[in-house]
Amino acid sequence: MVRRHERMNPSVRVLRDASLKDRNSFGVAARAPWLVSVDEAAALPEALQRPELSDGLALVLGGGSNLLFAGDPSGAVLELSGRQVRIVEDDGERAIVRADAGVPWHGFVMQMLAQGFAGPENLALIPGTVGASPIQNIGAYGVEVRDFVHAVEAFEPATGRWLRFDNAQCRFAYRDSLFKQSPDRYLISAVEFSLSRVPALRLDYAGIGDELATMGVHAPTPQAVADAVIAIRRRKLPDPAVLGNAGSFFKNPIVQIAQAEALLAEHPSMPSFRGNDADTRKLSAAWLIDGCGWKGHRDGDAGVSAAHALVLVNHGRASGVQLLDLARRIAASVQSRYGVAIEPEPRLIGATW
């Protein structure tokens with residue numbers, strides 16, 4: 001099929017028969033019949049009237065770091081590529097910062113730290129975009145993005161309405177939100193964050209304190225915490241530019257306390273944390289997977305990282321189908337050995353779990 005590049009206005013670009021291989025961090029081959037890029041959110045209603053989108057959108061693409069193409073998208077793909085960041089309120093101690101959906105997440109974190117703000121330092125080096133961050137309620141090292149989301153701005157194609165959701169209306173939960181529960185209903189155009197200039201550092205999670213000590217930092221700043229998190233993540237997680245991956249592939253399972261206690265009685269070394277409430281416990285999916293012997297496993301070019309059992313990797317030419325098949329076998333073995341169901345974090349395109 002012959003590709004052609006069309007223009008509607010300077011904010012909208014349309015590409016036919018577009019490769020998505022470089023737009024997903026697994027680096028698996030996939031193609032979209034149409035790829036529509038929108039720089040200015042205000043142009044969204046006009047862009048959605050394009051004939052190429054007459055059958056609706058198959059996918060809204062952010063950084064491609066939280067999805068697995070197990071098939072080609074069935075229709076047009078949209079990406080919001082605006083990258084403006086601005087302070088909309090500032091009382092000298094706390095500010096509301098608005099960032100377009102297309103802003104790279106890690107770049108945003110580092111920009112905020114450089115400007116003297118604190119809060120997102122534990123979320124440094126997470127791949128993806130600002131617009132994707134509330135969908136998954138991204139989290140790491142004891143912090144979740146919901147801790148400082150002020151509001152989410154979105155367009156609802158079905159009604160043509162621009163909407164604004166405050167933090168409570170986003171219905172945040174562990175790796176979940178209103179936007180994840182209704183993946184095709186809203187197009188997130190920007191996110192507002194409430195950030196403080198007074199640090200409230202989280203140092204008690206997953207070796208951050210030890211890393212700071214190794215760095216010789218005894219009076220940590222938000223930037224130092226970010227540097228420690230970056231160092232830890234680089235040791236544990238492969239660089240998607242070198243080895244295709246989507247970070248942690250499985251969610252940590254949440255089980256009833258009785259099941260957790262029974263497992264702990266049999267496996268005293270199993271990590272266990274408080275779940276959503278006092279009656280549940282969160283287990284370590286990495287520990288469960290490692291216990292089934294999957295760390296470092298490889299089937300052709302589909303494999304599991306030798307450094308972290310939660311990370312599925314593409315050694316070069318693995319297809320999304322091959323990676324999904326490996327993920328299903330891993331989950332089945334965890335269910336068989338421990339009686340615990342684990343679920344994927346990334347969105348699956350072209351397949352169901």
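Me: What is the mean pLDDT of the protein chain here?
Reply: This is a predicted model, and its protein chain has a mean pLDDT of 93, with 98% of the residues reaching 70 or more.

Me: And where does pLDDT stay under 50?
Reply: That happens over residues 1-6, and for this stretch the model has 17 contacts beyond four places in sequence.

Me: Ok, on to H2. Which of its residues are buried?
Reply: Helix H2 covers residues 105-114, and the buried ones in it are Trp105, Phe108, Val109, Met112 and Leu113.

Me: Why do those line one face of the helix?
Reply: Looking down the axis of H2, the buried residues fall within an arc of 130°, so they line one face of the helix. As a general point, an α-helix has 3.6 residues a turn, so residues three or four places apart point the same way.

Me: What do the buried residues of H2 pack against?
Reply: Their partners are strand S7 (85-90), strand S8 (94-100), helix H3 (133-136), strand S13 (187-196) and helix H6 (222-236).

Me: Is serine 133 buried or exposed?
Reply: Serine 133 is buried, as its relative accessible area is 1% and the cut-off for buried is under 20%.

Me: What about leucine 125, what is its phi?
Reply: Phi of leucine 125 is near 70°, which is a positive value in a residue other than glycine. Most residues other than glycine have a negative phi. Leucine 125 sits in the loop between H2 and H3, and at 24% relative accessibility it counts as partly exposed.

Me: And tyrosine 141, where does that one lie?
Reply: Tyrosine 141 lies in the loop between strand S9 (139-140) and strand S10 (143-144), where it has a positive phi of about 55° although it is not a glycine. With a relative accessibility of 10%, tyrosine 141 counts as buried.

Me: Switching to pockets: how much space lies in the second largest pocket, and how many residues line it?
Reply: The second largest pocket holds about 310 Å³ of space, and its lining is made up of 16 residues, of which Leu125, Pro127, Pro238, Asp239 and Pro240 lie nearest its centre.

Me: Which elements give two or more residues to that lining?
Reply: Those elements are H2, H6 and strand S14 (244-248), and H2 gives the most, with 3 residues. By kind, the residues of this lining divide into 8 nonpolar, 5 polar and 3 charged.

Me: How many cavities of 30 Å³ or more does the count come to?
Reply: The count comes to 1 cavity of 30 Å³ or more, and the largest cavity has a volume of about 60 Å³.

Me: What lines the largest cavity?
Reply: The lining consists of Val38, Asp39, Glu40, Ala41, Leu80, Ser81, Gly82, Asp100, Ala101, Gly102 and Ser189, which divide into 4 nonpolar, 4 polar and 3 charged residues.

Me: Which residues does serine 11 touch?
Reply: Not counting residues up to four places away in sequence, serine 11 touches Ser37, Val38, Asp39, Glu40 and Ala43. Among the residues lining the largest cavity are Val38, Asp39 and Glu40. Serine 11 itself lies in the loop between strand S1 (5-9) and strand S2 (12-19), and at 14% relative accessibility it counts as buried.

Me: Last topic, aspartate 184: buried or exposed?
Reply: Aspartate 184 counts as exposed, with a relative accessibility of 55%, and its place is in the loop between helix H4 (178-181) and S13. The C-alpha atoms of aspartate 184 and alanine 58 are separated by 8.2 Å, with the two residues 126 apart along the chain.

Note on methods:
Residues numbered from 1 in each chain as written. Predicted model: local features only at pLDDT ≥ 70, side-chain atom pairs only at ≥ 80, totals over all residues. Heavy atoms only, no water. Buried < 20%, exposed > 50% of the residue type's maximum accessible area, 1.4 Å probe, protein only. Helix = DSSP H or I, 4+ residues; strand = E, 2+ residues; numbered from the N terminus. Arc of directions from axis to C-beta. Contact = heavy atoms within 4.5 Å. pLDDT = per-residue confidence, 0-100. 1 Å grid on protein atoms, 1.4 Å probe; cavity = no way out; pocket = protein on both sides within 12 Å on 5 of 7 lines; lining within 4 Å. Points joined across faces, edges and corners; volume = space filled by probe spheres on them. Nonpolar A, V, L, I, M, F, W, Y, C, P; charged D, E, K, R; others polar.
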